[in-house]
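Please look over the following model with me. The notes below are arranged as numbered points for someone meeting it for the first time.

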Amino acid sequence: MNQSFNIIVNIITLGFGVYAIFTWFKLRDGLLFDNSLLIPKERAIAECRDAAGYIAYIRPRTLVAGILTFLSGALGLVDSYLGTIQNWALANGSLGLVVELLVLILIPLAFIVWYGVCLMKAQKKHWP
């Protein structure tokens, strides 16, 4: 895969992980705040029907998504510079390409999609 593309994807993944962990820390106070991960577009915080229930549902999922995407992004960046997974993938042909694609792109993407689905469920339940 293209080295520049890998680095960009890994930086975005790492950044999402950091932002999600930051969001998790801020939610420990039990108060919603203006955050694009939490608040639906064109909605106000005051419109939330059950802020405590929403926070109780989304906070642990935010931490899981944050840690897993952070680790995936960090692994990808390390691999971009050291090439350990890429070298192994080249040495193992098709199987190596599949493993590289899974580890560096599909698994981090799956974490982000999973979090998005959890977020949509919570927003449908707690916002009008």
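1. Setting aside residues up to four places away in sequence, N35 touches Y19 and T23, where a contact means heavy atoms within 4.5 Å. N35 is found in the loop between α1 and α2, the latter covering residues 51–82. The side chain of N35 also makes a polar contact with the side chain of Y19, at 3.4 Å; a polar contact is a pair of N or O atoms within 3.5 Å, of which, within protein, one must be able to donate a hydrogen and the other to accept it, and residues adjacent in sequence count only if both atoms are side-chain atoms. With a relative accessible area of 3%, N35 is buried, the terms being buried for under 20% relative accessible area, exposed for over 50% and partly exposed in between, with a 1.4 Å probe and protein chains only.

2. A word on how to read these values: this is a predicted model, in which local features need pLDDT of at least 70 and side-chain atom pairs count only at pLDDT 80 or more, while totals for chains, interfaces and linings use all residues. Residues are numbered from 1 along each chain as its sequence is written, and side-chain values use heavy atoms, with hydrogens and water left out.

3. In overall layout, the protein has four helices and zero strands, and from the N terminus on its elements run α-α-α-α. Helices (H or I, at least four residues) and strands (E, at least two) are DSSP runs, numbered from the N terminus. Of the 128 residues in the protein, 36% are buried. Among the contacts with a separation of 6 or more, 73% are between residues 24 or more positions apart. The protein exposes about 7500 Å², and carbon and sulfur atoms supply 70% of that area, as computed by the Shrake-Rupley method with a 1.4 Å probe.

4. An unreviewed UniProt entry lists residues 6–25, 63–83 and 95–117 under "transmembrane region"; such annotations may be inferred rather than shown by experiment, and the positions are given in the numbering used here. In the model, residues 6–25 are 100% helix and 0% strand, with end C-alpha atoms 29 Å apart. Residues 63–83 are 95% helix and 0% strand, and there the end C-alpha atoms lie 28 Å apart.

5. How far apart are the end C-alpha atoms of helix α1? They are 36 Å apart, which agrees with the 36 Å that its 25 residues (3–27) should span at 1.5 Å a residue, the expected span being 1.5 Å times one less than the number of residues. The buried residues of α1 include N6, N10, T13, G17, W24 and L27.

6. The largest nonpolar core has 17 residues, of which L27, L32, L38, Y54, I58 and Y115 touch the most other members. Such a core is a set of buried Ala, Val, Leu, Ile, Met, Phe, Trp, Tyr and Cys residues joined through side-chain atoms within 4.5 Å. Leaving aside neighbours within four places in sequence, L27 is in contact with L32, F33, L38, I55, I58 and R59.

7. F33, in the loop between α1 and α2, counts as buried at 12% relative accessibility. Beyond its neighbours within four places in sequence, F33 is in contact with T23, K26, L27, L38, I39 and I45. The C-alpha atoms of F33 and I45 are separated by 7.1 Å, although these residues are twelve apart along the chain. E42 has its place in the loop between α1 and α2 as well, but counts as exposed at 80% relative accessibility; its phi is near 60 degrees, a positive value in a residue other than glycine.

8. Two residues of helix α4 deserve a look, Q123 and A122. Q123 is buried at a relative accessible area of 17%, and a polar atom of the Q123 side chain lies 3.1 Å from the backbone oxygen of L38. A122 is buried at 2% relative accessibility and touches Y54, Y57 and I58, not counting residues up to four places away in sequence. A122 and Y54 are 68 residues apart in sequence, yet 6.4 Å apart in space, C-alpha to C-alpha.
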